[in-house]
Amino acid sequence: MKGIGMGVFYTREELVAERAQWRGAGKTVVFTNGCYDLLHPGHIRLLERARSLGDILILALNTDDSVARLK
């Protein structure tokens, strides 16, 4: 899947390839992940701060099963 935009989903292989292209283009890539089952203001602040640190923010989401195990 090509393109940068909110709501773009990548496989792991696609993301690795895209990340290499972004970095090759001089973009700063920031990564975060977490459990966002209940989105609250703290999550929003975290995501805004993470996004401010670079040109592209990669957000990995934990699966429902993973969230259940963690909580």
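A helix, in the sense used on this tour, is a DSSP run of H or I at least four residues long, and helices are numbered from the N terminus. The model in your viewer is predicted.

Begin by selecting residues 41-52, which form helix 2, and pick out H43 within that helix. H43 is buried, since its relative accessible area is 13% and the cut-off for buried is under 20%. Now show what surrounds this residue: leaving aside residues up to four places away in sequence, H43 touches C35, Y36 and L38, and its side chain reaches the backbone oxygen of C35 at 3.5 Å.

Next, select strand 1, residues 29-34, and display the side chains. In a regular strand the side chains alternate between the two faces of the sheet.

If you then bring back helix 2, you can follow strand 1, helix 2 and strand 2 as a right-handed β-α-β unit.

Finally, select Y10 and W22, whose ring centres lie 6.0 Å apart with the planes at 85 degrees, so the pair is edge-to-face. Because Y10 sits in the segment before helix 1 (12-24) and W22 in helix 1, the pair ties together parts that are twelve residues apart in sequence. Y10 counts as partly exposed at 23% relative accessibility, whereas W22, at 8%, counts as buried.

Note on methods: Residues are numbered from 1 along each chain as its sequence is written. This is a predicted model: local features need pLDDT of at least 70, side-chain atom pairs count only at pLDDT 80 or more; totals for chains, interfaces and linings use all residues. Side-chain values use heavy atoms; hydrogens and water are left out. Helices (H or I, at least four residues) and strands (E, at least two) are DSSP runs, numbered from the N terminus. Buried means under 20% relative accessible area, exposed over 50%, partly exposed in between (1.4 Å probe, protein chains only). A polar contact is a pair of N or O atoms within 3.5 Å; within protein, one must be able to donate a hydrogen and the other to accept it, and residues adjacent in sequence count only if both atoms are side-chain atoms. Contact means heavy atoms within 4.5 Å. Rings of Phe, Tyr and Trp (its six-membered ring) pair if their centres lie within 6.5 Å; planes under 30 degrees apart count as stacked, over 60 as edge-to-face and the rest as tilted. A crossover is right-handed if, with the strands pointing away from the viewer, the path from the first strand over the helix to the second runs clockwise.
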